[in-house]
Amino acid sequence: MDLGLHVSDFTWSGGAPALAPTLVRIARDAEDAGFARLSVMDHFWQIGHIGPPEHEMLEAYTTLGFLAGQTSRITLNTLVTGVIYREPGLLAKAVSTLDVLSGGRAMLGIGAAWNADESAGLGIPFPPTTERFERLEETLQIILQMWSDDDGPYQGKYYQLGRTLNSPQPLSSPRPRILIGGSGEKKTLRLVAQYADACNLFGGPEVGHKLDVLREHCASVGRDYDAIEKTAIVPFELGRGGEGTDKLLAQLREMHDLGITLAVGSLRGPDGPELVAAYGEYIIPEIAAW
């Protein structure tokens with residue numbers, strides 16, 4: 001089992017001038033500790049269960065590009081990009097650029113988007129749920145086409161591209177991996193089975209059931225269920241002195257036994273940056289052999 005570190009809170013001591021050096025420390029500590037993946041949210045305002053919207057939030061792909069220059073091994077991705085935030089061609093280009101400049105370490109995390117208040121505040125169109133999922137499927141088709149040898153046109157219901165040219169192509173072979181975030185059984189998990197290399201679920205008692213649903217979708221579309229990476233968000237409450245080690249290891253073992261191969265923990269609170277290295281001391285060596 002592997003761990004992923006998700007940076008979801010940028011409200012640290014020192015304010016804006018301290019953001020860059022703190023991010024550098026987090027990224028390097030995460031890589032040294034043995035985290036397999038480093039992600040950020042693709043939001044423009046802070047989300048409600050972490051803090052008020054006025055709290056600091058960095059634009060995702062600028063941040064990942066910055067982190068690419070500070071690391072050398074860890075995989076970089078959003079968790080996850082809202083499909084309505086960027087036109088599909090621009091998104092494919094952004095991830096391609098990140099992949100090239102990071103030496104093949106980019107991964108596309110994408111979902112149907114949910115933050116209506118944020119979109120309304122910044123003037124980003126926020127269509128109904130059905131349309132967002134239709135746009136998500138078209139976006140996946142466009143990106144896969146742009147990451148292939150086919151640079152011909154694309155004609156969809158919502159997107160029309162005259163030429164899907166993408167130069168340079170990503171370094172990842174055969175292309176950057178695609179992760180779809182969300183637990184919706186009818187639409188999201190079907191899209192995972194049809195298009196994605198990985199899913200991201202919310203850790204908890206429903207994980208086993210969600211994976212069973214994904215297995216059914218894979219069977220219906222002729223996809224190898226075992227070829228899809230299963231990731232989940234798990235609370236990281238280790239504590240500065242490792243006092244939460246046993247509880248966290250038990251949670252991770254439960255997720256592992258259900259079929260989760262990468263657990264993602266969110267870095268929150270003003271003390272979060274100080275705790276990254278502790279996961280390399282207390283947790284990662286224990287789960288490496290699972």
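A crossing of two helices is left-handed if the near helix is turned anticlockwise from the far one by less than a right angle, and right-handed if clockwise. This tour applies that term to a predicted model, in which local features need pLDDT of at least 70, side-chain atom pairs count only at pLDDT 80 or more, and totals for chains, interfaces and linings use all residues. Residues are numbered from 1 along each chain as its sequence is written, and side-chain values use heavy atoms, with hydrogens and water left out.

**First stop**

Select residues 19-33, helix α1, and residues 60-68, helix α2. Helices (H or I, at least four residues) are DSSP runs, numbered from the N terminus. The two axes come within 10 Å and cross at roughly 60 degrees; axes are lines fitted to C-alpha atoms over the stretch in contact, and angles run from 0 to 180 degrees between N-to-C directions. The angle makes α1 oblique to α2, a term for angles left over once those under 35 degrees (roughly parallel), over 145 (roughly antiparallel) and 65 to 115 (roughly perpendicular) are set aside. The crossing of α1 and α2 is right-handed.

Next, display A20, L23, V24 and A27 of α1 with T63, F66 and L67 of α2, which make the contact (heavy atoms within 4.5 Å).

**Second stop**

Move to helix α6, residues 188-195, and helix α7, residues 207-221. Their axes lie 8 Å apart, at an angle of about 50 degrees, and α6 and α7 are therefore oblique to each other. Here, too, the crossing is right-handed. To view the contact, select L189, R190, V192, A193 and Q194 of α6, then K210, V213, L214, H217, C218 and V221 of α7.

Methods
Helices (H or I, at least four residues) and strands (E, at least two) are DSSP runs, numbered from the N terminus.
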